[in-house]
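Subject: Structure for you to look at

Hello,

Here is the structure I promised to pass on. Please open it and keep it beside you while you read.

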Amino acid sequence: MLLHVKGVLTPDQVATCRAKLSAASWVDGRATAGEQSARAKRNLQVPEESDVARELGDLILGSLGRNPPFVSAALPLRVFPPLFNRYDVGQAFDTHVDNAIRFAGPVRFRTDISCTLFLTDPADYDGGELIVEDAYGEHAVKLPAGDLILYPASSLHRVAPITRGARWSSFFWAQSMVRSDERRTLLHDLDNTIQALSLTVGQADPQVVALAGTYNNLLRMWAEV
Ligand code: NI
């Protein structure tokens, strides 16, 4: 599933991120790329271990934990500490698939879901779309600052070249309790239906209770925790 999660950060939080990132030291983005993707990648990043990455990463993780659409879609077991990148004019990231396994310090985890949180107003740059391929074709994504796109980490994707301005964003991966994108999508659809139905008929309605039971039984069957 390709899901647009709105308002992960408030405009004030976006401004805070941008102010701190503008004072950060940026390095070549190939530092975190695998051997194959290093050839495709032309951008700048804030070093993973820097104080600013950690501080802003904690701000983002705190907001995500309080974001029901993100939690429902990702069913996160672990979220990798957010990283920060920047594409200036002429920079891009050619088609690639993200590494399957990542290390956060000594912790090793599987990347099931990739996320990009946009930190630049789309009016401030041209190009720079995140283009994700799935069974239905290519999807070009450029979102308001503070919004996030979530997609399967197994997808082929790229970032189109910047032709004006600069695109700043945070990116990170999650290991989900449910490894299969199809199963996560089904659970997310069912959860949305339950939420919508409970607004009209109430949470205590027997059919809402029965559907919630089905949701939990599917999650019990599929979750790796
Ligand atoms: Ni990628």
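First, the ground rules. This is a predicted model, in which local features need pLDDT of at least 70, side-chain atom pairs count only at pLDDT 80 or more, and totals for chains, interfaces and linings use all residues. Residues are numbered from 1 along each chain as its sequence is written, and side-chain values use heavy atoms, with hydrogens and water left out.

The metal site

The nickel ion has His96 (NE2), Asp98 (OD) and His157 (NE2) as its protein donors, lying 2.1 Å from it. Donors here are N, O and S atoms within 2.8 Å of the metal (3.2 Å for Na, K and Ca); water is not among the atoms, so sites may look incomplete. Along the sequence, the donor residues follow the spacing H-x1-D-x58-H.

Are His96 and Asp98 buried or exposed? His96 is buried, at 8% relative accessibility. Asp98 is buried too, with a relative accessible area of 15%. (Buried means under 20% relative accessible area, exposed over 50%, partly exposed in between, with a 1.4 Å probe and protein chains only.)

Two single residues

Arg158 sits in strand E15, residues 157-159. Helices (H or I, at least four residues) and strands (E, at least two) are DSSP runs, numbered from the N terminus. Arg158 is partly exposed, at 24% relative accessibility. Contact means heavy atoms within 4.5 Å.

Gln175 belongs to strand E17, residues 167-176. Gln175 is buried, at 9% relative accessibility. With residues up to four places away in sequence not counted, Gln175 touches Leu75, Pro76, Leu77, Arg78, Phe109, Arg110 and Asp112.

The helix pair

How do H5 and H6 pack? Helix H5 (residues 181-201) and helix H6 (residues 206-222) pack at about 160 degrees, and their axes are 10 Å apart. H5 is therefore roughly antiparallel to H6. (Angles under 35 degrees count as roughly parallel, over 145 as roughly antiparallel, 65 to 115 as roughly perpendicular and the rest as oblique. Axes are lines fitted to C-alpha atoms, for helices over the stretch in contact, and angles run from 0 to 180 degrees between N-to-C directions.)

Residues of H5 that meet H6 include Leu186, Leu190 and Ile194; on the H6 side, Leu211, Tyr215 and Trp222 are among them.

Best wishes
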